[in-house]
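These are my notebook entries on a single chain, set down in the order in which I looked things up. The sequence and the structure come first, and the entries follow.

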Amino acid sequence: MNTRRQTLAALLALPGLLSLPWAARAQSAAPLRVVASFSVLADMAKEVGGPAVDVTALVGADADAHVFTPSPVHAQRLAQAELVVVNGLGFEGWIERLIRATGYRGPVVVASQGIVPRMVAGQPDPHAWQSLVHAQRYVENIRAAVVLARPAAAPAVNARAAAYTRRLADLDASIRSRLAAVPAQDRVVVTTHAAFGYLADAYGLDFRAAQGLTSASQASAADVARLVRQLRSQRVRALFVENLGDPRMMMRIAQEAGARLGGTLYSDALSAPGTAADTYLKLMAHNAETLVAALKPV
Ligand SMILES: [Zn+2]
């Protein structure tokens, strides 16, 4: 052993040195590189992991995961991940091919694992995050995957997940009581694509949509005409645009049916940082407030 190595070995043997900041950093693992398929999952992973994770989303704020086309930048990001978080239930039709193409061999956590999906015409509805109860399952699946990858961070991550879960449950209770004030006959609302089935089931609302479960298929002229006829014959208080896609179709339907626009609902993406729905909790609270404001008795 040369002198330099001997000196280093002697230094490392000094117990006091281990409490020095550089030694502590060397001992703790770097943040886990997490890649989430879309913005809602990325926010949940940040809430759960805190400083133990470094999270990026493939499909970002105000972007539509149904019609996403990955670029080489996304492939590179995924290739460098240590944990990939996806929604599942057929939401990210492009993810398996992207994972195969990048050669990523690490863990993939399906956040909706364990949820019994609502079925629409034989297809699972992928938008399960629109239920704050299902979101608690998402959090548990993400927590388990992060702890498995970074066991040293388990106590902090478990505590963060428990606190976040309480906030989700509190918001669920608060939305339930706010929406209870909406009379039964005023609970029909219309949106662009069928993203709010879980929200409707959770709070006893009746959502109609111009498009189906995915925004990838455009509503036909016949679909629009049918919706306008339905709206004219039924008591519909408001139509809502989404933060994805082109709002003009809903504006035209509202005009033709003589219904008013009740505002923007956030469906499959958070809004840009610093705006109304830039976290999952804010997204759910904003949607509930917008619905209550549009539907409350006048
Ligand atoms: Zn959707």
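Is serine 71 buried, partly exposed or exposed, and why? I looked up its relative accessible area, which is 26%, so serine 71 counts as partly exposed. This follows because buried requires a value under 20% and exposed a value over 50%. I record here that the model is predicted.

**Entry: serine 71, continued**

I placed serine 71 in the loop between β2 (53-59) and α4 (72-79). I then took the separation between the C-alpha atoms of serine 71 and alanine 221, which is 33 Å. These two residues are 150 residues apart along the chain.

**Entry: the chain overall**

I noted 11 helices and 10 strands in the secondary structure of the chain. The C-alpha trace spans about 90 × 40 × 35 Å along its principal axes. Of the 298 residues in the chain, 47% are buried. I also looked at contacts between residues at least 6 apart in sequence: 64% of them join residues at least 24 apart.

**Entry: the zinc site**

Which residues coordinate the zinc ion? I found His66, His127 and His193, each through NE2, and Asp268 through OD. The distances run from 1.8 to 2.0 Å. The angles among the 4 donor atoms are 95 to 122°, and the site is tetrahedral. For reference, the ideal angle for four tetrahedral donors is 109.5 degrees. I wrote down the spacing of the donor residues in sequence as H-x60-H-x65-H-x74-D. Within this set, histidine 193 and aspartate 268 link distant parts of the chain, being 75 residues apart. Histidine 193 sits in the loop between β7 (188-191) and α8 (197-203), and aspartate 268 in the loop between β10 (260-265) and α11 (280-295). Both histidine 193 and aspartate 268 are buried.

**Entry: the four-stranded sheet**

In what order do the strands of the open sheet that holds β7 run? I read the order as β8-β7-β9-β10, with parallel pairing across the 4 strands. β8 (206-209) and β10 stand at the edges with a single partner strand each, so one side of each has no neighbour in the sheet. On average, neighbouring strands are turned by 30° against each other, direction ignored. Valine 189 is opposite phenylalanine 207 in β8.

I next looked for helices lying across these strands. Helix α9 (residues 221-233) lies across β7, β8 and β9 (238-242) and runs at about 145° to β8. Helix α11 lies across β7, β8, β9 and β10, and its direction makes an angle of about 170° with β10.

**Entry: arginine 150**

Where does arginine 150 lie? I located it in the loop between α6 (132-149) and α7 (154-179). Is this residue buried or exposed, and why? The relative accessible area of arginine 150 is 16%, so the residue is buried. Its side chain makes a polar contact of 3.2 Å with the side chain of glutamate 82. Neighbours within four places in sequence aside, I listed the contacts of arginine 150 as Ala29, Ala30, Pro31, Leu32 and Glu82.

**Entry: valine 34**

I found valine 34 in strand β1 (residues 32-38). With a relative accessible area of 2%, valine 34 is buried. Beyond its neighbours within four places in sequence, valine 34 has several contacts, including Ala45, Val53, Val55, Leu83 and Val85. The C-alpha atoms of valine 34 and valine 84 are separated by 5.8 Å, although the two residues are 50 residues apart along the chain.

**Entry: positive phi values**

I also checked backbone angles in two loops. Aspartate 62 is not a glycine, yet it has a positive phi of about 55°. Aspartate 62 is in the loop between β2 and α4, and at 35% relative accessibility it counts as partly exposed. What is phi of alanine 121? Phi of alanine 121 is near 50°, again a positive value in a residue other than glycine. Alanine 121 lies in the loop between β5 (119-120) and β6 (123-124). Its relative accessibility is 79%, so alanine 121 counts as exposed.

Key. Residues are numbered from 1 along each chain as its sequence is written. This is a predicted model: local features need pLDDT of at least 70, side-chain atom pairs count only at pLDDT 80 or more; totals for chains, interfaces and linings use all residues. Side-chain values use heavy atoms; hydrogens and water are left out. Donors are N, O and S atoms within 2.8 Å of the metal (3.2 Å for Na, K and Ca); water is not among the atoms, so sites may look incomplete. Four donors count as tetrahedral if all angles lie between 85 and 135 degrees; four count as square planar and six as octahedral if opposite donors are over 155 degrees apart and all others between 65 and 115; anything else is irregular. Buried means under 20% relative accessible area, exposed over 50%, partly exposed in between (1.4 Å probe, protein chains only). A polar contact is a pair of N or O atoms within 3.5 Å; within protein, one must be able to donate a hydrogen and the other to accept it, and residues adjacent in sequence count only if both atoms are side-chain atoms. Contact means heavy atoms within 4.5 Å. Two strands pair if DSSP finds at least two bridges between them. Axes are lines fitted to C-alpha atoms, for helices over the stretch in contact, and angles run from 0 to 180 degrees between N-to-C directions.
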